[in-house]
Amino acid sequence: MAAYLEQTGQVDADGKRLSSSTEVDGRHHSRWLSMMYPRLVLARNLLTPDGAIFVAIDDHEVHHLRLLMNEIFGEENFVASIIWQKRYTRSNNTDRFTSVVDRILLFQRSDAFQANLQPRTERDMVDFKNPDDDPKGPWKPTSFLNQVPPERRPNLAYPITNPNTGQVTHPDRKAWRTNQAGFERLLSEGRLWWGKDGKRPIPQVKTYQSEVRQGLTPINFWSHQYAGHTDLAHTELKELFGRKVFDTPKPSLLIRRILEHASGPDDLVLDFFAGSGSTGQALLELNRDDGGRRRSILVQLPEVLKEGRYETIADITRDRFRRVAERLKTCSDLPPGQLAFRAFRLAPSLLPTWPQGAPEDTDALECLLRAHASGL
């Protein structure tokens, strides 16, 4: 952000503002949105029809960003506002509320986008058992009750009979989950569980493991255990570099979760604000683990650092990718081509820029118009 402010003439080389406006005025938001708008438009144009974009943002700009992305991507292409628990402890040094979460806005390019389901773990399967040796395999019980009272759903209010005891039960405070035809079908298919002794007055419905989705639907709350936290991000950098080299890194686990939810094994991933290079590390390590061939484009302005061995943030981005690749060479089967990268530096633009002068500087304006007319 500091580099952007300097390049757009809002601050001088020492970071001092060249305008009387402050961070709290409306023009601050306008400048930030003006910086974001062309990048998001470009991102939309670069996305494949089944692609998606994730944008991490704090509480100060999330509402502005949501409106901006509604305009660019279309409100109908909003998918989720994910809450990421970036911290797991409070800070008593803050005067008001400690911020422990950030937002991640997810928009799709079109309806062709489909989020990847997450694999079930052994813990997810622990409820599936087979106490009655059902030939259809393990199952778990689900309630036969509805959440609405019988008087609101009379078609779901009818007497049921336990076939083992003959006991008749009428719905009392809650209606049944299916109509009478549905109950008869479940009974004939042997999908009703009347308890170990067969005497339950209200059955439970068998949900078979073989019939459930093999993956888990994503949710919009990502805990620090699931997606990492800021302390983990700093630890990762210290393990790679031996010291602190960047102030606000993202944990590679957070980016990995994004890739797991939204990318295929051969996809190309673009990160407009690469920072310390968390995306590069997450992508390489995910390729190692699932055999993918994902590629990435990491974009980072050469923002000058005031201290340390690196001159710019972009130098950190490149060196992190290099260090992660070197580490993976010794502990993975990734081919050398997947651990290599090319670094490009942006050359000065050949397009004419708007003159840095007063509006009455007609000579500069005339020069600019002639340059446009000549096709430069």
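These entries take the helix pair, then the tyrosine.

I worked on a predicted model, where local features need pLDDT of at least 70, side-chain atom pairs count only at pLDDT 80 or more, and totals for chains, interfaces and linings use all residues. Residues are numbered from 1 along each chain as its sequence is written, and side-chain values use heavy atoms, without hydrogens or water.

**Helix pair.** I looked up H7 (residues 252–262) and H8 (residues 278–290). Helices here are DSSP runs of H or I, at least four residues, numbered from the N terminus. Their axes lie 8 Å apart, at an angle of about 60°. I noted the crossing of H7 and H8 as right-handed (near helix turned clockwise from the far one by less than a right angle).

I then listed the contact (heavy atoms within 4.5 Å). H7 gives Ser252, Ile255, Arg256, Leu259 and Glu260. From H8, the residues include Ala282, Leu283 and Leu286. The contact divides into 5 nonpolar, 4 polar and 4 charged residues.

**Tyrosine.** Where is Tyr226? I found Tyr226 in helix H5 (residues 224–227). Tyr226 is partly exposed because its relative accessibility is 23% (the class runs between buried, under 20%, and exposed, over 50%, with a 1.4 Å probe, protein chains only).

Beyond neighbours within four places in sequence, Tyr226 touches Gln118, Leu253, Arg257 and His261. The C-alpha atoms of Tyr226 and Arg257 are 8.2 Å apart, across 31 residues of chain.

Note on methods:
Axes are lines fitted to C-alpha atoms, for helices over the stretch in contact, and angles run from 0 to 180 degrees between N-to-C directions. Helices (H or I, at least four residues) and strands (E, at least two) are DSSP runs, numbered from the N terminus. Ala, Val, Leu, Ile, Met, Phe, Trp, Tyr, Cys and Pro count as nonpolar, Asp, Glu, Lys and Arg as charged, and the others, Gly among them, as polar.
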